[in-house]
Amino acid sequence: ISVNQSQTIKSSLQILISFGILAHLSPGIGIRLDKRSSVDLNLLPASSSLQKTFCLNLVLRCIMCLKEEETLRKLLFSTYLGDCLAAIFQLLLDTETLKSDPSNKLYLEEQLSYLLDKTSQPVLIKELMLLNGNKECPAKLARALRMIMVERLQKDNGVLATAKAILDVAGDQNSPKQWATLSLIAKLISTPHQNQKQMYRDKVYPQVFKLLSTNEMQYAQIAVLCVRSLHEAEPEVCQRYFIDKICKVLTVSSTEEEFNYCIESLHNCIGIPSSEQWSLHPSLFKCIYVAIFRLYCFVFNSVSHIKSKVRNIVLSILSEDMYYDSFVFGTVKIKFNFGENGGVFTEIRNEEELTPWGDATDILLNLVEDNDDLKVKLFKAVISAMSGSLEKKAVGARVLSELCTEPAVLKWIDEEPLSIVNFIQSLLVDNVENEIICLGLMVLSLMLDTESNKKVRDWSVFDGLIEPLKLYKNKSDNVELRVLADELYCLILTRGVISKEASKEQQKTVNLKKKQIGSYAQALIDVTDPLLPIRAHALRELGKLILSRDPETHKNKDKILCLLKENLKCDDSYIYLSAVESLATLAGTYPDDVLITLTDQFVHCKIPETRLKLGEVLMRVIRILGEMAAVYKNEIINALLFGCRDSDHIVRASSLSSLGELCRILSFRIHAFMIEIFECIRSIFETDKAMEPRRAAVMLLTLLLKGLGSDALNVLEPVLLNIYRLLKFIYNYEKDDITRLHAQLAIDELNSSTITFLCPRQNLEKHIFVLHPPT
């Protein structure tokens, strides 16, 4: 129908509804005509109850015939659904008339059933609420309306429809009363409205649970408020229908879809920042705290789409309480795996697995780096957990060393020194490792050296450290720690006024000895020091001496090579990374001797960890030498190709990465090895099941093409077609997104090289000759 026809039908319906239905509705049923317009109903002729019923029945039968045609049905029910319902309800309430005409009752019930089932549920519930909201609504009708709305609530998607209807009636969602509206909806939904409570819960609560994972925040808030309201009223019921269902996914084997649903629900419940007004308390999910943290450790270095949500969940947990001990030293029986769609799925292990301590502490420090309150909480938690096994003390000392210089932590230490004093006292009495005692004494030194508080500080708090410091400084075999303990001992005794002169003289003696001994000799002495920071510093000093061409260092380069290779075996990252850096410097400075030795050891090394570290050294040497690496390309390429066949997949990936860096730097100079490199890439991709080497192999192609640039077509001519086919196959059929991304980058490089080769850039130049033009 046309627009004009549509307007004509609307006008006709308005007249028919106004004078045929609204004018004959009883008080309290529907919204009367005089409440909607200025029409004076007194102008209409008075009619008896029987006449009203007859008129309503006649008009209702007429307009309900329109539902058979779709266009007319939309025009009618989009505007006058409430009026039709009001007419039906009034006719059904007239029991006397219905007794005389049972067929009419059957007709009215059919029409009501049609409207309840076939019309949009949010619109229907809205109209039912408006009818029920009439202050003069008859009690019998009000009860019937409430029963119908409860019935609608229990239907599929009834919770969502009810929420939409109430929000539509409430109007402006940005008003200050929004939270009152949402709380009202939540209480209305979570409270059973009939005698059969169990049936109500079984039909309504699963709908609420489904809404917990929705991305539409308003409905997610309603669902969370429902759970919150239910927990306040009936904690056991809430636990059974909601909390246990969410927690179960993190304790059993689950699919990627189930796991994503769980994380979405958990994030909406406790993980959304600044949601305290409506969110749940994180302690409700205490049983899965360790599993959640282990999940974050698992996705921390990934690009999984759940990473940010899991991070928010963990931060929410940490803001309530710092579960350092459980997070770092807890165990779980589930194994996390990446799914095909970027999510995670779980499997059950036969045995519980410990959290990797180093990774866990690094991730904890990363979580708290932007929040001063969390830094202080973590510092307190680590101090409380330092008692126990040697591993706990070592891990705790590492965390404390990272936090002790933070301004927020220093402020807390200065305001509440007793906790630190007790902690340091226990370290001195228990006679723990020098590294941990050194850390404790450094923290104490920072506290006592605060000039602004020396005069107002309560020094009696530190009296408990006098005797332990005295005993320690007399029995310690470490000169630096003995001097530091002596200074602190004197500082506490004199209430910060003076330090013992003997300690100053002792420090001067130590400094004088260091000056008298040569730099190389001092570095060798420090390399054997029991304190890890001093050993690492000494290794770096050796690297600086090599760069400065120190004569004594040059004379003993073979000894330094053995020393650095031995330190590569150290498990502490601070030590072996310092050794890697100095060894790369040594090899870059004396490549004829050292580089050949390193490549030979890389080939014959059987320990994967050591081979990885040697691979890192070779990578750094390649970068240091730059294009000079072409002189040693035979040795380096042969060693790296050998590493590509290692049984450890990480070593294979590392070797391919180093080979890619070499190809990028040397460009066309590696043409003699082109066939071997390509066959290595192809075999890795076709036969290697591990994801890391496959990614590294494709990245090697990208770096090779990037290094060759416009020469790619000439240098790669024997294998160019095979390279292109392999890249297209990877891009079209590989499931791993990162591998496909590397393939796309390689294809782009190849396209760029082809365009440059086929269409070289034309330099437009104009030559101007004044005296001697060309003939």
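Predicted model: local features only at pLDDT ≥ 70, side-chain atom pairs only at ≥ 80, totals over all residues.
About 810 Å³ of space lies in the second largest pocket, a pocket being an open set of points on a 1 Å grid over the protein atoms alone, with protein on both sides within 12 Å along at least five of seven lines, and a volume being the space filled by probe spheres set on points that are joined across faces, edges and corners. Of the 20 residues that line this second largest pocket, Phe338, Met691, Arg695, Asp736 and Ile738 are the closest to its centre, where a lining residue has an atom within 4 Å of a point. Helix H36 (691–708) gives the most to that lining, with four residues, and helix H39 (737–758) supplies at least two; helices here are DSSP runs of H or I with at least four residues, numbered from the N terminus. The lining of the second largest pocket divides into six nonpolar, seven polar and seven charged residues, with Ala, Val, Leu, Ile, Met, Phe, Trp, Tyr, Cys and Pro counted as nonpolar, Asp, Glu, Lys and Arg as charged, and the others, Gly among them, as polar.

Residues are numbered from 1 along each chain as its sequence is written, and side-chain values use heavy atoms, with hydrogens and water left out.

Turning to the largest pocket, about 1200 Å³ of space lies there, and of the 36 residues that line it, Arg398, Ser401, Leu532, Pro533 and Asp572 lie nearest its centre. Helix H19 (390–403) is among the helices that each supply at least two lining residues, and H19 gives the most, with eight. By class, the lining of the largest pocket has 19 nonpolar, seven polar and 10 charged residues.

What, then, lines the largest cavity? A cavity is a set of points where a 1.4 Å probe fits but cannot get out, and the structure holds one of 30 Å³ or more, with about 40 Å³ of space in the largest. Phe379, Leu400, Ile420, Phe423, Ile424, Leu439, Gly440 and Val443 line the largest cavity, and helix H21 (417–430) and helix H22 (434–448) each supply at least two residues of that lining. H22 also supplies at least two residues of the lining of the largest pocket.
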